[in-house]
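I opened my notebook to look up a few things in this structure. My notes follow in the order I made them.

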Amino acid sequence: MKIRATCQECSFGPLSDNNLKIGIVTIDQKGLYHFKCDKGHNNLFQMQAFPFELLFESGLCAIKEGFYMESILSLTASLENFYEFFINISLRINLLPNEVVNSVLKSMALQSERRLGAFICLYSFIYKRYPSCILDRKNVEFRNKVVHKGYLPNESEALDYAKEVYNAIRYEYCNLLKNYNDIIFKYLIECMAARIKGADSPVGTISFPLLISHLHVDEMQTRDFNECYDRVKEYYNYIATD
């Protein structure tokens with residue numbers, strides 16, 4: 001992903017030094033961005049976002065750049081991570097201690113089928129209906145063909161899959177945010193604190209306008225997938241010409 005960021009040290013200097021552009025930045029396993037500004041200042045930032053939000057954005061960026069297989073991997077990871085997020089928040093809503101929640105999630109961390117089964121059972125128990133955010137057979141077969149058989153999808157196939165994932169996450173995420181925003185925000189703060197634990201330098205925070213985001217629930221409710229992808233193309237074309 002390509003983003004704009006302001007150097008923490010330069011931001012306290014003259015106004016002309018602000019809004020320093022950085023090029024391609026990489027996010028590490030802990031969700032932190034590292035970059036060095038034009039004056040040689042080292043910076044460490046984290047995104048104010050959940051992993052599935054970043055993974056979905058990464059998937060659309062991969063389509064924009066022509067990496068269609070990689071986009072399927074990111075989008076699939078985003079949806080599976082959302083299932084885990086739903087389980088986490090649902091257990092917290094029912095006042096389970098953090099250590100119990102963590103133990104439950106750890107038991108299914110490496111097995112996507114176990115996580116999916118837990119999600120379906122928990123969702124059905126809470127809402128008394130089968131979840132609508134489960135991919136249909138056609139999309140599951142397509143995903144498996146890409147992930148397990150090395151099929152190389154084209155742009156149209158990648159976009160169709162991204163649309164299904166977007167709609168699957170959007171509706172349920174908006175419902176959670178409308179009803180349990182305080183619990184979700186508290187969990188986000190815990191996640192962000194865990195990311196920077198042990199960091200050997202100050203860590204700043206970036207609030208990037210992600211397409212799936214706890215910060216923009218009203219926009220998510222009304223914005224369709226085509227608008228999302230248009231925005232990705234517009235933003236990254238802007239970055240490329242800057």
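I began with the largest nonpolar core and counted 66 residues in it. The model is predicted, so I treat each value as computed from that prediction. Which residues have the most contacts inside this core? I listed Phe50, Phe56, Leu60, Phe85 and Tyr173. Then I looked up which helix gives the most to the core, and found α6, residues 155–196, with 17 residues.

Next I picked Tyr173 and set aside its neighbours within four places in sequence. Its contacts include Phe50, Phe52, Phe82 and Phe85. I also noted Glu53, Ile212, Ser213, His214 and Met220 as contacts of Tyr173.

Then I turned to Arg143, which is found in helix α5, residues 137–149. Is Arg143 buried or exposed? I found it buried, and without a salt bridge. Glu80 is the nearest side chain of opposite charge, 4.6 Å away. Beyond four places in sequence, Arg143 is in contact with Thr76, Leu135 and Tyr161.

Last, I looked at the whole protein. I counted eight helices and five strands. Along the sequence, the pattern reads β-β-β-β-α-α-α-α-α-α-β-α-α. Of the 242 residues, 42% are buried. I took contacts between residues at least 6 apart in sequence, and 67% of them join residues at least 24 apart. The protein exposes about 13,100 Å², with 53% supplied by carbon and sulfur atoms.

Terms used: Residues numbered from 1 in each chain as written. Predicted model: local features only at pLDDT ≥ 70, side-chain atom pairs only at ≥ 80, totals over all residues. Heavy atoms only, no water. Core = buried A, V, L, I, M, F, W, Y, C linked by side-chain atoms within 4.5 Å. Buried < 20%, exposed > 50% of the residue type's maximum accessible area, 1.4 Å probe, protein only. Helix = DSSP H or I, 4+ residues; strand = E, 2+ residues; numbered from the N terminus. Contact = heavy atoms within 4.5 Å. Lys, Arg positive; Asp, Glu negative; His and termini not counted. Salt bridge = Lys/Arg side-chain N within 4 Å of Asp/Glu carboxyl O. Areas by Shrake-Rupley, 256 points an atom, 1.4 Å probe, with all protein chains shown as cover.
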